[in-house]
Amino acid sequence: MTRTEKVVLVTGASSGIGEATARRLAADGHRVFLGARRTDRLAALAEEVAAGGDRVGFQRLDVTDATDVREFVTAARERFGRVDVMVNNAGVMPLSPLAELKVHEWDRMIDVNVRGVLYGIAAVLPVMREQGGGHIVNIASVGAYEVVPTAAVYCATKYAVRALSEGLRQESAGDVRVTVVSPGVTESELADSISDPRAREDMKSYRSVAIPASAVADAIAFAVHSPAEVDVNELVVRPAASAQ
């Protein structure tokens, strides 16, 4: 493993996996640039992680806005001079049965989970090719490998993230490394967005065994720290005590 200092961008960094990833990679000596809509949380996290230094930056980010994502990447590049790693982590999970026809929630998942990843790729890929390399880490889910009731649309978006990641890997021919990390049930705020009563109850049972967000951050760090000639393509991280 290598610990060469890198500039790492993290979306959805105000909580959960994004926050844990920022903490882990900053502790490993990387410069991190954080994006999310809740800038108060980003400011507090940056202050804590940087400990008075100048190795952490942040900017408000809405991943459903392509211009916003481009400006986020530009700001990081202006701050630190380059972009080595992009962690497309932002995601939402308002589960419900299809028959409930919560179309606005379907749209939100597609906008954040799919378009958000595409906009992240579109913003960093030209930069990474110009500078001769980089690494894109997309956060999917075990839902990218299976479908369960109330999660059809969510799983569809995560299947899409996995497919996009594989397509990008094949097209990059080693110039840009691509990793998709698929967590099982993880301690986070994702379930807070579930409005459907049945899905909320099902999720309580499902989340009875969960891994900490730091465990997923460790998996991301493993991929980021791998030697330049090694492309860690897929990592699935589940609770040891869970069958799902």
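In helix 1 (residues 16-27), the residues Gly16, Ile17, Gly18, Ala20, Thr21, Ala22, Leu25 and Ala26 are buried, where buried means under 20% relative accessible area, exposed over 50%, and partly exposed in between (1.4 Å probe, protein chains only). The model described here is a predicted one, in which local features need pLDDT of at least 70 and side-chain atom pairs count only at pLDDT 80 or more, while totals for chains, interfaces and linings use all residues. Residues are numbered from 1 along each chain as its sequence is written, and side-chain values use heavy atoms, with hydrogens and water left out. Helices (H or I, at least four residues) and strands (E, at least two) are DSSP runs, numbered from the N terminus.

The buried residues of helix 1 pack against strand 1 (7-11), strand 2, helix 2 (39-50), strand 6 and helix 7 (213-225). Helix 1 has 12 residues, which should span 16 Å at 1.5 Å a residue, and its end C-alpha atoms, 17 Å apart, agree with this; the expected span of a helix is 1.5 Å times one less than its number of residues. After helix 1 comes glycine 29, with a positive phi near 100 degrees.

An open sheet is formed by 7 strands in the order 3-2-1-4-5-6-7, with parallel pairing; two strands pair if DSSP finds at least two bridges between them. At the edges are strand 3 (56-60) and strand 7 (234-237), each of which pairs on one side only. From one strand to the next, the twist averages 15 degrees. Axes are lines fitted to C-alpha atoms, for helices over the stretch in contact, and angles run from 0 to 180 degrees between N-to-C directions.

Strand 2 (residues 31-36) runs parallel to strand 3 and is joined to it by 5 bridges; alanine 36 has arginine 60 in strand 3 as its bridge partner. Strand 4 is linked to strand 1 by 3 bridges and to strand 5 by 4 bridges. Methionine 86 of strand 4 stands opposite leucine 9, and methionine 86 also stands opposite isoleucine 136 in strand 5. Both faces of strand 4 are covered, with Val85 and Val87 buried on one side and Met86 and Asn88 buried on the other.

Asparagine 138 belongs to strand 5 (residues 134-139). Asparagine 138 counts as buried because its relative accessibility is 0%. Its side chain makes a polar contact of 2.9 Å with that of serine 165; a polar contact is a pair of N or O atoms within 3.5 Å, and within protein one must be able to donate a hydrogen and the other to accept it, with residues adjacent in sequence counting only if both atoms are side-chain atoms. Leaving aside neighbours within four places in sequence, the residues in contact with asparagine 138 include Asn88, Val117, Ile121 and Val181, contact meaning heavy atoms within 4.5 Å. Helix 5 (residues 152-172) lies across strand 5, strand 6 (176-183) and strand 7, and runs at about 160 degrees to strand 6.

Helix 4 (residues 103-131) has 29 residues and reaches 41 Å from its first C-alpha to its last, close to the 42 Å expected. A kink of about 35 degrees is centred on arginine 115 of helix 4, the bend at a residue being the angle between axes fitted to the seven residues ending there and the seven starting there. Glycine 132 follows helix 4 and has a positive phi, near 95 degrees. In the loop between strand 4 (85-88) and helix 4 lies methionine 93, which is buried with a relative accessible area of 8%.
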